[in-house]
Amino acid sequence: AHVEPFLLVGSPTAATVANSCPRMAHREIEALLSPRPACSNETDTCRRFVSGRNCQSWRPVLFATLGVASLAVVAMGRLSLGHNGRSNIQTLPAAASQPEVAAGSEVFGMQQKWVYDQFAPSVDDKREDCKMILEDMDLAGGIPAAEVHSVGSAHMCCAVCSGFANCSAWTWGKEHSVAYVTQVCWLKMADPSNPWKKNYKKGLVSGMPARGVRKQGVALVPASRSEKMDGVEAREVPATSTSAKCLGDLHIEGHGNLAVISAGANVPGMEAKTVEVVEGNLLVPHMGGRVYLANSCSDGPYNNKEYASINMLGKVMSWTVDVSGTGCGCNTAVYLVSMPQNNNRSKCDDYYCDAMSVCGVPCGEIDLQEANMFSWMSTLHAYSPKLKLADGLGTAIGYGGSLGEPPRRDFTDTDYGPGAECIDTSKPFNVAVSFPVNDDGGLAAMTMIQTQGNCSLKASVEKYRKLKHADPMAEITDMLKAGMTPTISYWSSNDMLWMDGLGKDGRGPCVKDTMEACPAYTRLYGFSIKDIVNAN
């Protein structure tokens, strides 16, 4: 859970590296140990952060693709190779333009690329707390711990440091178009024998993290304490035969019973995993599972006309969700897609479509919930039938997000998260998403309300970001009027910082996504669909 120093005693050999990095291939070790001048003033370790000298310095910042799973290397969207000549500045070619500035360099025998990422502007002037920020300053000393690339600001670098229990200081490359420097964040641990020293260096920013600020993704997430049937009351549904495709019926209060159909594939070439339907009320999606609510289900080939086609205009859909144990990189999703109108079987062989064309077919999508214990997104995705073009970015509300995505700051980790003041995500909470209409019968907004005990969080999408091709709110109105299929899934990725990342302001929750730590399943129950006027 901590950034541990990777310091080799004496002269490193292939044997010592292999022992510390058991997954590293022999040829990679040989490249790593290619001859270099030794660091000066070396005693029993070479642990100094090299400044102005071209020498070999052992640090825990090796390239992730070398397979060094035990080393603490993290990134905001991209993993990059640690470089020990930070002050040996190399200006990038003038022809390389923003936002994708890149330069190649041979390091450890591997061609490396440095990239400048353009971050969406912060939504306001608020920034994550940081104890100290020193402009044009390198804070030398301590023990180098890790190197993070694609970090959009000094406050974001400070927030990265707050994700590691033993990170005491940081330095960030502010200067644009400089290889090994631009958007690089160096994390450092304190060392009494090597005290901090301020060195003027234009283009660098240094500082120390604030007490009490804690970011997620490195430390292990506490396991869920919920039992599978906690809080679940049985609902009466007709007895039906079940199969791998037809999983049973779910009672939706205010709407009636709907069949639950398992996806033909999670993604093309990967089978969909189990989703349990329990007592007509509980859905238990296991990792990699996805289901569609339907009017009926029959074994054999998928039929898109079986899928539920629900007009949610003027209605509110609600449920109770338990995301306890789901950390950075986990995603429990509830959403609507235009599957009944899609006549393309898709690469998943079940007519699945969405805004990201996961199975090869784009269509309208409304994400009511994409969530883990630390982050939440509710997103409208417009779709143009004329252009057959879906807006994959969409317009979202919630909390979290990084790397080019507009950050969502409708609430913070004080309001939402494990032990939070309002929504304690270590326990179940209720969600209600409504679609009020305007005087013309079109969509006025998508409003999301989370409730736990006597506390509620509320956020709304009332305006869609500007798109060239059409009026997105009118497109979404048409999608809803045509009828959409409720879909539930549970998936994970090591590249989900778009949802739960820090953001340029550093106020988001997660430093790193770790899909391997996601629990086997999550829980959703107590579904209802009602007219807004009768929702209570």
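## The Sheet and Its Strands

V278 has L282, a residue of strand 13, as its bridge partner. This contact belongs to a predicted model. Strand 12 and strand 13 run antiparallel and are joined by four bridges. In general, the strands of a sheet pair through backbone hydrogen bonds, in either a parallel or an antiparallel manner.

## Positive Phi Angles in Two Loops

Most residues other than glycine have a negative phi. E279 is not a glycine, yet its phi is positive, at about 55°. This residue lies in the loop that runs between strand 12 (275–278) and strand 13 (282–285). E279 counts as partly exposed, because its relative accessibility is 46%.

K388 is likewise a residue other than glycine with a positive phi, here near 50°. Its place is the loop between strand 19 (383–384) and strand 20 (389–390). With a relative accessibility of 62%, K388 counts as exposed.

## Aromatic Pairs

How many aromatic pairs does the count come to? The count comes to eight aromatic pairs. One of them is formed by W319 and F527, which are stacked, with 6.3 Å from centre to centre and 25° between the planes. This pair links distant parts of the chain: W319 belongs to strand 15 (residues 315–322) and F527 to strand 29 (residues 523–531), and the two are 208 residues apart. W319 counts as buried, since its relative accessibility is 0%. F527 is buried as well, with a relative accessible area of 1%.

Y416 and F429 form an edge-to-face aromatic pair, with 6.0 Å from centre to centre and 85° between the planes. Here Y416 lies in strand 23 (residues 416–417) and F429 in strand 25 (residues 429–434), so that the pair links distant parts of the chain, 13 residues apart. Both Y416 and F429 are buried. These two residues also belong to a cluster in which ring pairs link W376, F411, Y416 and F429.

## Charges over Rings

In one case, K245 lies over the face of Y302, at 4.4 Å from the ring centre. In the other, the charged end of R290 sits over the ring of Y352, 4.0 Å from the centre of that ring.

## Salt Bridges

The structure holds 15 salt bridges. Among them is the bridge in which the side chains of D322 and R523 meet, at 3.1 Å from N to O. Why does this pair tie together parts that are 201 residues apart in sequence? It does so because D322 lies in strand 15 and R523 in strand 29. D322 is buried, with a relative accessible area of 3%, and R523 is buried too, at 2%.

R345 is partly exposed, with a relative accessible area of 29%. D349 is also partly exposed, at 41%.

D391 forms a salt bridge with R465, and the closest N and O atoms of this pair are 2.6 Å apart. D391 lies in the loop between strand 20 and strand 21 (395–400), while R465 lies in the loop between strand 27 and helix 4 (472–482), so the pair ties together parts that are 74 residues apart in sequence. Is D391 buried or exposed? At 8% relative accessibility, D391 counts as buried. R465, by contrast, is partly exposed, with a relative accessible area of 31%. Elsewhere, salt bridges that share partners join D124, R409, D505 and R507 into one network.

Notes:
Residues numbered from 1 in each chain as written. Predicted model: local features only at pLDDT ≥ 70, side-chain atom pairs only at ≥ 80, totals over all residues. Heavy atoms only, no water. Phe/Tyr/Trp six-rings, centres within 6.5 Å; stacked < 30°, edge-to-face > 60°. Buried < 20%, exposed > 50% of the residue type's maximum accessible area, 1.4 Å probe, protein only. Lys NZ or Arg CZ within 6 Å of the ring centre and 35° of its normal. Pairing = 2+ DSSP bridges. Salt bridge = Lys/Arg side-chain N within 4 Å of Asp/Glu carboxyl O.
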